[in-house]
Amino acid sequence: MIDWQPLILTFKLAFITTIILLFVSIPLAYWLAYTKSKLKPVFETFVSMPLVLPPTVIGFYLLIAFSPSNSFGSWLNNWLGIKLVFSFEGLLIASIIYSLPFMVHPIQAGFSNLPKSLKDMSYVLGKSRTTTIIKVLLPNIKTSLLTGIVLAFAHTIGEFGVVLMIGGNIPGKTKVASIAVYDEVESLNYDAANSYSLILFALTFTILLVVYLINGGYLNHIKK
Amino acid sequence: MNVLKGNIHKLTVSNNLTLVSTKVNNIEIFAIVIDTVNSAPYLQEGNAIDVLFKETEVIIGIGETNELSIRNQFIGKIESINSNELLSKLVIKTSVGYINSIITTHSLKRLNLEIGTLVTAMVKTNEIMLSE
Amino acid sequence: MIEIDIHKKLTSSLGEMDLNIQTTITKGSLVTLYGNSGAGKTSILRIIAGLLQPNSGNIIVNGETWLNSAKRINLKPQRRKVGFVFQDYALFPNMTVKENLLFALNKGDNTKIVNSLIEIIELGELQNRKPETLSGGQKQRVALARALVQKPSILMLDEPLSALDSEIRFKLQQYILNVHKEYNLTTLLISHDISEIIRMSDKVLEIEFGKITRQGKPNQVFNYKDLSAKFQFTGTIIEIKTQDFLYILTIRIGKDLVKVVADETEGEHLKAGDKILVSAKAFNPIIHKIG
């Protein structure tokens, strides 16, 4: 029988990451979609970096940044009592950064594809920016939001390099399923590795399939 | 198009229609319009008004014309004639001013119309347009 | 009374353009902005609504300053009392017809006005439908009703009728005129259609390349005599033939071709392609029922 803890930890991490990302990404994507600032390309590049950088690079820099042996890490540790290296919280922050583009890009595209007149009209009708976002814009980009949520969730499940760098491999704390697979293979427990892998494969396959079905409109008749 | 300048003299309203009596050179010209003072504010007695009608709507008669149903009648002399195969154009000097008329050349010949002939130019009340 | 004095550098498809507009609009009047596309008409409406920022200018609406660049007054769109009907209608796809109207209410407003607008603009049967299921004319009516919910000081319509076929168009012109009178609105309308302008507007502003080139009553701007004639159409001359002292004009009026005889004084200044107003007394036409 396999140890379920890494799987539970994986889903807990993915779940919390997704929730936080959702709240971070909506304002960020809104800003990127509508800003006329010259700084926009710089921010867009930063958001997209995790797509191209090897995960180990991100993990490495976060490890350095969070390490209690440098000033930022020790400040966090001494003043806020937060230890980000080899902890669940550190893992969470790394995951948020690592999955950021997967949440921001679909939402930004959703905002950009909405007719600008909807936003203008809401303003003309006397509604504030917040009301406009919540009541007009977000309800009309539901599929983009769903895509962002699912991609970020699935991508967090699939991460390995960053998690290994910043989280280490502490059972119950930072040992997620992808690392457990690696661990079991290293120990030549192919059966256990296979169990973890199959479960991850089946779950991520299902999640992505549901997204494509919904976005492709195949489920419309079911909704009605 | 014939354009005569005058004033509104009297208005007789019946539901949607107004019979407008205008005075041009102190001679009455009548027009009937689908308007009342509500839909056309210019319909006020005393207002200056243009009286318009198309040349092709001017009927020419000679001799006694009292027995006709045409209310607007102006007596005058033919000043010029421009005659073509089918149509002829007359300019008549009347008491309300110069009036152009286009009639068939056949009628021109039948009535023996020449420059100087005394004629009555006639326009039906429903053919007259008004303009501020 | 609305006083407008605005300047804005615009970059359009035709290159740089200086939008420079000074005019006053009488309260309760219906004013049409007329001109080629790209002349800056939509930009004028967007500046009045506060959606586009001019480089400088003043906008004073019934004594209230909406914009005064010298004094750095610039009300947000939310605080300007305008009703706006966009060219694409901008109905909120996630809301039903009624929800679209209710959304326009301010907090604490009585919802009565929504119900009476639904009645006036005859949307009763459509009120629980989503915009995507409506025809162009129906969307237009919803957008018009929604623009009226807040009882605006100015109602602005950006080519509201251009996408509609002529029958629905005519009906909507009536709706717009009715609400314009009923709510004593000051209305700004963008239109390319001269017969529509003649039928609807008190005043026309002709805009060319960002400037007002002509303004006044429709008959002054389009230079025709206001006749008592009721049988009136605008059309385009297709062909002119002369016959003795007469001109025989072939004119396209809407989808129909008609022939009209003109005399020398009328015909000598005309050429093919000219837009003309054709008028006749209403007593001559003979009517046949065909459908």
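The model shown here is predicted; its local features need pLDDT of at least 70, its side-chain atom pairs count only at pLDDT 80 or more, and totals for chains, interfaces and linings use all residues. Residues are numbered from 1 along each chain as its sequence is written, while chains are lettered from A and ligands numbered from 1 in the order in which they are written.

**View 1. Helix 10 and helix 11 of chain A pack against each other.**
Two packed helices are described by the angle between their axes and the distance between the axes. The axes (lines fitted to C-alpha atoms over the stretch in contact, with angles from 0 to 180 degrees between N-to-C directions) of helix 10 (residues 177–186) and helix 11 (residues 190–215) of chain A come within 8 Å and cross at roughly 155°. Helix 10 of chain A and helix 11 of chain A are therefore roughly antiparallel to each other. Helix 10 of chain A contributes A:Ala177, A:Ala180, A:Val181, A:Glu184 and A:Val185 to the contact, and helix 11 of chain A contributes A:Ala192, A:Ala193, A:Tyr196, A:Ser197 and A:Leu200. Of these residues, eight are nonpolar, one is polar and one is charged. Ala, Val, Leu, Ile, Met, Phe, Trp, Tyr, Cys and Pro count as nonpolar, Asp, Glu, Lys and Arg as charged, and the others, Gly among them, as polar.

**View 2. Chain A meets chain C.**
Two residues are in contact if their C-beta atoms, placed from the backbone, lie within 7 Å. Of the two pairs of chains in contact, chains A and C share the most contacts. Chain A gives 15 residues to this contact and chain C gives 16 residues. On the side of chain A that touches chain C, helix 6 (116–124) and helix 7 (129–137) of chain A each supply at least two residues; the largest share, six residues, comes from helix 6 of chain A. Helices (H or I, at least four residues) and strands (E, at least two) are DSSP runs, numbered from the N terminus. By class, this side of chain A holds eight nonpolar, four polar and three charged residues.

**View 3. Chain C meets chain B.**
This contact draws 15 residues from chain C and 18 residues from chain B. Strand 14 (256–263) and helix 8 (264–267) of chain C each provide at least two residues of the side of chain C that touches chain B. That side of chain C has six nonpolar, two polar and seven charged residues. Chain A and chain B, by contrast, do not touch, and their nearest C-alpha atoms are 36 Å apart.

**View 4. Chain B consists of one helix and ten strands.**
From the N terminus on, the elements of chain B follow the order β-β-β-β-β-β-β-β-α-β-β. The C-alpha trace of chain B spans about 45 × 25 × 25 Å along its principal axes. Of the 132 residues of chain B, 34% count as buried, that is, 20 or more other C-beta atoms, placed from the backbone, lie within 10 Å of the residue's own.

**View 5. Chain C contains eight helices and 15 strands.**
Taken along the principal axes, the C-alpha atoms of chain C fill a box of roughly 70 × 50 × 35 Å. Of the 291 residues of chain C, 37% count as buried.

Conventions. Buried ≥ 20, exposed ≤ 12 C-beta atoms within 10 Å, placed from the backbone. Parallel < 35°, antiparallel > 145°, perpendicular 65-115°, else oblique.
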